[in-house]
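My entries follow the order in which I looked things up.

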Amino acid sequence: MAKEINTIGVLTSGGDAPGMNAAIRAVVREAILKGKKVKGIRRGYAGLLQEEIEDMGPRSVSDIIQRGGTILQTARCKEFTTPEGQQRGAEICRKHGIDGIVVIGGDGSFKGAQKLASLGINTIGLPGTIDLDIACTEYTIGFDTALNTAMEAIDKVRDTSTSHERCSVIEVMGRGAGYIALWTGIANGAEDILLPEKYDYSEQRLIKHIIDNRKKGKQHHIIINAEGIGHSMSLAQRIEAATGIETRATILGHMQRGGSPTCKDRVYASMMGAYAVDLLCQGATNRVVGYRHGDFVDFDIDEALAMTKTISEYMYEVGQNLSR
Ligand code: ADP
Ligand code: F6P
């Protein structure tokens, strides 16, 4: 028989992402609607181990749907990667009456969630990361906002790049994944999009492309460089030396993680938060919520973590074809 859940804990873990607050709000309100108690755990697994746990009610999540960051704050916690830390985490959950927990974070956070589930705490993961690097889902909380933030910033760099007839190397986040780079590359009409999954480090080809474009009358040359490739400053210096075209590097950095979530991030995060509570109420555990082919779905965490995801060849090709 499925275990009945009385108290649901919620935490955010790993890098923050816009829309996490909408997910927290949905977890709290859906759980209360279903007659459950809710406890907010501050600072991810670190806060769990420090017992930074507080009761939450509908008013605890007032006025947050439009706010970036996470009201519960977040952290990376080494201790929780050890069996002793995980055991202690599960015991603390039991001590506070938490029999179900919603973990909002990325793959690393899901590994922690998997451990809590194996120790008897019913656990559901929600994909929260700007990087879109979670294989089981086509959507992650925060990706859409980060993209729009980066896109607007890149438009601004493009204005000044054109005025000065410069080349611009613009580095976007994504850890080892190139999704933000690919999407902004297309959205901003970049002349080159360098992705960790695709780049062959052939600078000769890149330099020839810049020179050829200048001959064709292009007044700027925007290169979107993914964080996973990095070294944008030195790349810009080498380009300037080889082409004679003034080149500047801009690293967008953590601005991409902040700001008010877009409509899509608010709505999808709300749906996922409610979905997680519904799963817990059905007695589910060790599941992660995803979005695929137009629907919210859930997977076993072990299976989700074993999945792989690749950059769409077609999308990459279109990105290259349109920047002529
Ligand atoms: P993300 O969740 O965004 O991928 P991290 O990889 O930094 O971010 O992971 C967030 C936290 O999840 C880590 O600080 C750690 O507390 C926990 N975590 C990561 N890997 C594991 C693991 N193998 N086992 C248990 N907990 C883990
Ligand atoms: O995972 C989100 C992310 O912003 C990555 O794109 C980036 O590599 C990393 O987190 C940066 O982490 P930190 O906040 O520790 O600098």
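The notes below cover a sheet, a helix beside the sheet, and a ligand site.

**Entry 1: the model.** I noted at the start that this is a predicted model.

**Entry 2: the sheet.** I looked up how the strands are arranged. The order is β7-β8-β6-β9, and these 4 strands make an open sheet with parallel pairing. Which strands are at the edges? I found β7 (192-194) and β9 (247-251) there, each pairing on one side only. From one strand to the next, I read an average twist of 15 degrees.

**Entry 3: β6 and β9.** I then checked how β6, residues 167-172, is joined to β9. The two strands run parallel and are linked by 5 bridges. For glutamate 171, I looked up the bridge partner in β9, and that partner is isoleucine 251.

**Entry 4: the helix.** What packs on the sheet? I found helix α7, residues 203-215, in contact with β6, β7 and β8 (221-226). The direction of α7 makes an angle of about 155 degrees with the direction of β8.

**Entry 5: the ligand.** I counted 16 residues around ligand 1, and the closest are Arg76, Cys77, Gly106, Gly108 and Ser109. Next I looked up distances to oxygen atoms of the ligand. For cysteine 77, a polar backbone atom is 2.6 Å from an oxygen atom of ligand 1. For glycine 106, a polar backbone atom is again involved, at 2.9 Å from a ligand oxygen. With serine 109, I found a polar side-chain atom 2.5 Å from an oxygen atom of ligand 1. How much of ligand 1 does the protein bury? The ligand alone exposes 560 Å², and 81% of that is buried by the protein.

Conventions
Residues numbered from 1 in each chain as written. Chains lettered and ligands numbered in written order. Predicted model: local features only at pLDDT ≥ 70, side-chain atom pairs only at ≥ 80, totals over all residues. Heavy atoms only, no water. Pairing = 2+ DSSP bridges. Axes fitted to C-alpha atoms, helices over the stretch in contact; angles between N-to-C directions. Contact = heavy atoms within 4.5 Å. Near = heavy atom within 4 Å. Polar contact = N/O pair within 3.5 Å; in protein donor to acceptor, adjacent residues only side chain to side chain. Areas by Shrake-Rupley, 256 points an atom, 1.4 Å probe, with all protein chains shown as cover.
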